[in-house]
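Come and look things up with me, one entry at a time.

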Amino acid sequence: MKAVIMAGGRGTRLGPYTALFPKPLVPLGEGMPVLELLLRQLRAAGVEEVILAVNHLHHLLRAFFGEGERIGLRIRYSLEDKPLGTAGPLGAVLDEVGDTFFVTNGDLLTTLDFKLMLQEHGRTGAAATVASFRREVKIDFGLLETDPEMRMTGYIEKPSYPHLVSMGCYVLQREAVRNYVQPGVYLDMPDLMRALVRDDHHVHCHAPECRWLDIGRPDDYATAQELFQNSRNIFLSNEG
């Protein structure tokens, strides 16, 4: 089983940390960067080889992870000479990943059971499976409803709306995505998923009960550090 991890972004929202480190190397605690946690989780799910799609400060990622011996994985690197988005790097490695493979963002912080996700992907026969998280979006204002003449028809005080959001982790079938990715051509994962749906491929949303944090901003990163330091075991519970 193989995985492709997108680790080439600049992580500009997380400045100033990412001025010196690529975002996947920002530490969570006890010297463990977020990417190492992800690699350990994937290994526990049966992944044996990982391809890191790298660009920004890629030499630091190579120096830290090497060929993966310390973690118990085989790690290879696919260097982008220009930004290719969150799906574009697949074009250069598609013939190396096997029929079914994981794709994840390099800053994924979650308690997602990757093995369970893979099993559900196989059971549904999907072309792609998207790890999904249920999130409430709260409006901090009174929401006014009106008719075309602007007469008020309703007043909802600070409503909350449930949504499914992408966690940045996917299981893909190689042949299903082959026609949509090309070496050196920019492509983002949302555009790839929309193209699959447009062409009547089955895209499945896997929505388990788990923890997931977006560490894109300094405040979110601080929350993630605190959670990891206080509850490290929930992130590594399946590690062998």
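In what order do the seven strands of the open sheet lie? I read the order as β5-β4-β1-β6-β11-β8-β12, with mixed pairing. At the edges I found β5 (74-79) and β12 (203-206), each pairing on one side only. Neighbouring strands here are turned by 30° against each other on average, direction ignored.

Some ground rules I noted: this is a predicted model, where local features need pLDDT of at least 70 and side-chain atom pairs count only at pLDDT 80 or more, while totals for chains, interfaces and linings use all residues. Residues are numbered from 1 along each chain as its sequence is written, and side-chain values use heavy atoms, with hydrogens and water left out.

My terms for the sheet: helices (H or I, at least four residues) and strands (E, at least two) are DSSP runs, numbered from the N terminus. Two strands pair if DSSP finds at least two bridges between them.

**Entry: the β1 and β6 pair.** I looked up β1 next and saw that it pairs with β6 (residues 100-105) in the parallel sense, over five bridges. Lys2 stands opposite Phe101 in β6. Helix α1 (residues 34-44) packs on the sheet and touches β1, β4 (49-54), β5 and β6; contact means heavy atoms within 4.5 Å. The direction of α1 makes about 170° with that of β1. Axes are lines fitted to C-alpha atoms, for helices over the stretch in contact, and angles run from 0 to 180 degrees between N-to-C directions.

**Entry: Lys23.** Is Lys23 buried or exposed? I found Lys23 in the loop between β1 (2-7) and β2 (27-29). Lys23 has a relative accessible area of 10%, so it counts as buried (under 20%; exposed is over 50%, partly exposed in between, with a 1.4 Å probe and protein chains only). The C-alpha atoms of Lys23 and His56 are separated by 9.1 Å, though the two are 33 residues apart along the chain.

**Entry: aromatic pairs.** I counted four aromatic pairs in the structure. Rings of Phe, Tyr and Trp (its six-membered ring) pair if their centres lie within 6.5 Å; planes under 30 degrees apart are stacked, over 60 edge-to-face, and the rest tilted. One of the pairs is Phe64 with Phe65, edge-to-face at 4.9 Å centre to centre and 75° between the planes. Phe64 is partly exposed at 33% relative accessible area, whereas Phe65 is buried at 4%.
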